[in-house]
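Open the model in your viewer and keep the selection tool at hand. Each stop below says what to select and what is there.

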Amino acid sequence: MSITENYKVNLIQWYPGHIAKAEKNLTEQLKRVDVVLEVRDARIPLATHHPKIAEWVGSKTRVLVLNRVDMILPSVRSLWVEWFKAQGEVPFFTNAQHGQGVTAVAKAAQAAGVEINKRRSERGMLPRPVRAVVIGYPNVGKSALINRLLGRRVVESAARPGVTRQLRWVRISEQLELLDAPGVIPARLGDQEAALKLAICDDIGESSYDNQLVAAALVDILIDLQATGAEFLPPQPLKSRYDFEDTSLTGEAYLHALAEFRYKGDVERTARQLLTDFRKGLLGEIPLELPA
């Protein structure tokens, strides 16, 4: 049974006006772009794949970046490398906050530029910097990646979705210019299981969901992962953090039981604590998706 069968249909819906406007501006700017850096969350690389990416990329070079690699175990990273390889793709894993893997991303973008400038030279045109755009869902680490590529803080970066509101070009080097775009999210979140994962990972605005429903879904996912892929999780993440675990309970029942056990029956506080602990990595390195 899927996680969402426990919850209301269309539980999560979020499409603020600035995102709609940004998507329109983005499609206009894409005509000037050579390379698309698609940034996803390494904990949920499928849920953070925008369905319009293929349309936006077209014949341009695409560099796939899976950020927050520090929040999954090396064994999970290896699984995804093999899975993407089978799809004919090479993912670049980064921890943009600390700069891990960023140099390889810059080299991949610049390599595409070599080919572009070769064609320009053949037509008698002068070389120019490669124009790349960074695209991804809100809060997956796009601005942090740009700041690392530049080597200094030029775009605002924060651990919440919706910080970048406008498109702007940033000169990275003589070889590379980057377009920083706001997080883009589909107009309709038809896949509610994916939407739940976006909410759990804080990759979507919190006004779009109920903390208690989302925290309960997180527990359900953890229980399911422990049953089907325990080797890809830290041992007993809930028990290690809260000294309380009962995998016979549903996520909702666990949330209420944990509230009684640790938080004086305050279910909302418990839900917020669970989500915060997961997002800060205090439950350990936990993926919410594994390759089929």
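Select Arg 128 and Asp 34: their side chains are joined by a polar contact of 2.8 Å. A polar contact is a pair of N or O atoms within 3.5 Å; within protein, one must be able to donate a hydrogen and the other to accept it, and residues adjacent in sequence count only if both atoms are side-chain atoms. This is a predicted model, in which local features need pLDDT of at least 70 and side-chain atom pairs count only at pLDDT 80 or more, while totals for chains, interfaces and linings use all residues. Residues are numbered from 1 along each chain as its sequence is written, and side-chain values use heavy atoms, with hydrogens and water left out.

Stay on Arg 128, which lies in the loop between α4 (102-122) and β4 (130-136). Helices (H or I, at least four residues) and strands (E, at least two) are DSSP runs, numbered from the N terminus. With a relative accessible area of 18%, Arg 128 is buried. Buried means under 20% relative accessible area, exposed over 50%, and partly exposed in between (1.4 Å probe, protein chains only). Leaving out residues up to four places away in sequence, Arg 128 touches Asp 34, Ile 116, Asn 117 and Arg 120. Contact here means heavy atoms within 4.5 Å.

Next, select the residues that UniProt lists for "binding site" in an unreviewed entry: Asn 67, Arg 68, Val 69, Asp 70 and Gly 183. UniProt positions are given in the numbering used here, feature names are shortened, and annotations may be inferred rather than shown by experiment.

Begin with Asn 67, in strand β2 (residues 61-67). Is Asn 67 buried or exposed? Its relative accessibility is 6%, so Asn 67 counts as buried. Show its side chain together with that of Thr 94, and you will find a polar contact of 2.9 Å between the two. Neighbours within four places in sequence aside, the contacts of Asn 67 include Val 39, Arg 40, Asp 41 and Ala 42, as well as Val 140 and Gly 141.

Move to Arg 68, in the loop between β2 and α3. Arg 68 is buried too, with a relative accessible area of 15%. Which side chain does Arg 68 join by a polar contact of 2.7 Å? Select Asp 41 to see the partner. Among the other residues that Arg 68 touches, not counting those up to four places away in sequence, are Arg 43, Asn 139 and Asp 203.

Now go to helix α3 (residues 74-86) and select Trp 80 and Trp 83, which are three residues apart and so separated by about one helical turn. Trp 80 is buried, at a relative accessible area of 0%, whereas Trp 83 is partly exposed at 23%. The rings of Trp 83 and Phe 84 have their centres 5.0 Å apart and their planes at 85 degrees, so this pair is edge-to-face. Rings of Phe, Tyr and Trp (its six-membered ring) pair if their centres lie within 6.5 Å; planes under 30 degrees apart count as stacked, over 60 as edge-to-face and the rest as tilted. Phe 84 counts as buried, at 1% relative accessibility. Ring pairs link Trp 80, Trp 83 and Phe 84 into a cluster.

Select helix α6 (residues 192-200). Eight of its nine residues are buried, so α6 is largely enclosed by the rest of the structure. Colour these buried residues, including Leu 196, Leu 198 and Ile 200, then show α7 (211-229) and α10, against which they pack. Just after α6, Asp 202 has a positive phi of about 65 degrees.

The last pair is helix α9 (residues 251-262) and helix α10 (residues 267-279), which pack at an angle of about 105 degrees with their axes 9 Å apart. α9 and α10 are therefore roughly perpendicular to each other. Axes are lines fitted to C-alpha atoms, for helices over the stretch in contact, and angles run from 0 to 180 degrees between N-to-C directions. Angles under 35 degrees count as roughly parallel, over 145 as roughly antiparallel, 65 to 115 as roughly perpendicular and the rest as oblique.

Finally, show the whole protein chain, with its 10 helices and six strands. Of its 292 residues, 54% are buried.
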